[in-house]
Amino acid sequence: MPRFSYLARDGSGTAMTGELTAGSPVDAARLLRSEGKFLVRLQEAAAASPLEQAPPARRGQRVKADEVIYFAGQLAGMIDTGVPIAEALEASIDGTPPSAFRSTVEDLIERVQGGMDFSAALAAHPRAFSPLFVHMIRASESTGLLGQMLRRVADYLTNQRDIRKKVKGALIYPCCLLTFALGATVFLLAFVIPKFAGIYAGKSATLPLPTRILLGTSDWIIGH
């Protein structure tokens, strides 16, 4: 029978590690629960990196940053109170309407209940969880500080979202000015300059080079 290494918590939330023999990851998880332990991570002993073992997830739409932030914060609160990760994931989607993110969390639940590391399950959804998110969670699993790390990730993502909004807001005004300037220039070249071209056509004098360039640009815009 295969051997499995695990990271679990007792009723007081204290992290503990060890190995056990079981027929399958589900049997190993059931055995730990019967001993009053709350499973955090389970993998076959001497196996490859769980991030490398994670099978690809079903393709889906990109989820919103606000959904990931709320998910991480909500999960951190439940983990800190001693709720097992699988139960915390199930509670996080209670009352949530069908969406791309709900489908993502449901897939996470299936993978974690099957014995996969939480970080490996996250790595299977790169459109929802960034590599930084995954590696921070993976580091926390080995120290038993999953709740604290989830809270740090939520704070980081919140700051990143706020900076992105500020940058977009700062670019709106110059983009509007640029659009207005381009529109005014095209209007002048397409509708105003041609009226002067008719006046210049009756003159025998050679026009200055800048004027010829301006008229040529106007002709090109009208022709295209």
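The model is predicted, so local features need pLDDT of at least 70, side-chain atom pairs count only at pLDDT 80 or more, and totals for chains, interfaces and linings use all residues. Residues are numbered from 1 along each chain as its sequence is written, and side-chain values use heavy atoms, with hydrogens and water left out.

Start with the sheet. It is open and has three strands, in the order β2-β1-β3, with antiparallel pairing. Strands (E, at least two residues) and helices (H or I, at least four) are DSSP runs, numbered from the N terminus. Two strands pair if DSSP finds at least two bridges between them. β2 (15-21) and β3 (38-44) are the edge strands; each has a single partner, so one side of each lacks a neighbour in the sheet. Strand β1 (residues 3-9) is joined to β3 by six bridges. Here Ser5 stands opposite Gln43 in β3.

Now turn to the cores. A nonpolar core is a set of buried Ala, Val, Leu, Ile, Met, Phe, Trp, Tyr and Cys residues joined through side-chain atoms within 4.5 Å. Buried means under 20% relative accessible area (1.4 Å probe, protein chains only). The largest core has 33 residues. Among those with the most contacts inside it are Phe71, Leu89 and Phe118. Helix α3 (65-80) is one of the elements that give two or more residues. α3 gives the most, with eight.

Leu89 shows the packing. Beyond its neighbours within four places in sequence, Leu89 is in contact (heavy atoms within 4.5 Å) with residues including Phe71, Leu75, Val105 and Phe118. Another core lies apart, with ten residues, among them Leu20 and Leu32.

Notes: Buried means under 20% relative accessible area, exposed over 50%, partly exposed in between (1.4 Å probe, protein chains only).
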